[in-house]
Amino acid sequence: MKRKWFWFAGLFVALVLAGVVSNFASSSPDGLDAAARQGCTFNADDEITGGTCMAQQEKGHQLGGSPLADYGIKGIDNPYLSTGLAGVAGVLLTFAIGGGLFWVARRRTPA
Amino acid sequence: MNVQAMHIANGIVNGPVSAIFAVFAVAALAYCVRRGRADLDERLVPMAGLVAAFIFAVQMLNFQVLPGVSGHLLGGTLAVILVGPWVGALCVSTVLIVQCLLFADGGLTALGLNITNMALLGTAAGYLLVAGLLRVLPKNPGGLGASALIASIVSVVVASQGFVLEYALGGTTQLSLPAISGTMAGVHILIGIGEGLIAATTVATVARVRPDLVYALRRFRKPAVLPVEVAA
């Protein structure tokens, strides 16, 4: 496989995973979150109602109101579309920001 | 749909300890940039960008490990195998920074803690194991996949214990540390197996298609050859 096609194929796989497969991901709390919630009881709105757990003093995110917060696009009501487009945006942004920074930091002289 | 990620939220570890780890993370990343530059040639730059983007994508894919508990890949071992230890740590950090600043995932105050656990501890453990395992396992897609599986499990558990250390130093609640350590290790062994299967499939695929793009197959030298060069 030519190198150029390898980049395209890799990016395409990442876009499909983040844009489509992400909608089938488990929505259960992850390992850390589950451990942090252990010992507390929660109501239907996910607020702590009693007990002691690591998450008791947890605070909201400073940037919780950002347009891509929580892997959705603000203003898009369809949850599949919202998650999928946020995932596609995330992959492209990470590729651009990461690739850009690595390009700036690249080796200038032959080793 | 609520996509969760395994990142420390604000307020679980106190401000001073979070600040200390933020300073540590910045210093360590600066060192990674210095060391990583030597690796960043015209072949590795796009590969590193792709690895970061791929880790971002796979981190969205939470898989069920227990009833009511999920997990996702952290990516340290995968990154180390494909782009090396220094650039690998920078790839995972890039993902964590993008997630924190743009997706409100992982507290801003906790960014140094999350970088320390997932981008530094996780990649360091993954690198040491893969480098060691590839001295005995064959340097082919199979050996690489097996290394990725084993190293991923250990790497994820090490990252989870990084959190336990940070919580021990600055937890905002008083809970039993051995209990937390045990809970975190137990669930992260399961998450590590999931991560290992994803990482093994990915690196074995790349090794089959373009083995020249796999850092671990080109650059991890056996230390045994070094003394000869030093003596000469």
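**Chains A and B of a predicted model**

Residues 143-165 of chain B are 100% helix and 0% strand, and the C-alpha atoms at the two ends of this span are 33 Å apart; helices here are DSSP runs of H or I with at least four residues, strands are runs of E with at least two, and both are numbered from the N terminus. This is a predicted model, in which local features need pLDDT of at least 70 and side-chain atom pairs count only at pLDDT 80 or more, while totals for chains, interfaces and linings use all residues. Residues are numbered from 1 along each chain as its sequence is written, chains are lettered from A and ligands numbered from 1 in the order in which they are written, and side-chain values use heavy atoms, with hydrogens and water left out.

The span 143-165 is one of those that an unreviewed UniProt entry annotates as "transmembrane region" in chain B, the others being 12-32, 44-66, 78-103 and 115-137; UniProt positions are given in the numbering used here, feature names are shortened, and annotations may be inferred rather than shown by experiment. Residues 115-137 of chain B are 96% helix and 0% strand, with end C-alpha atoms 30 Å apart.

Where the two chains meet, 71 residues of chain B and 62 residues of chain A are in contact, that is, with heavy atoms within 4.5 Å. About 5,700 Å² is buried between them, 69% of it from carbon and sulfur atoms; buried area is the accessible area (1.4 Å probe) that two parts lose on being put together, summed over both. One salt bridge is found across the interface, joining the side chains of Arg3(A) and Glu42(B) at 3.6 Å, N to O, under a rule that asks for a side-chain nitrogen of Lys or Arg within 4 Å of a carboxyl oxygen of Asp or Glu. On the side of chain B that touches chain A, helix 2 of chain B gives the largest share, twelve residues.
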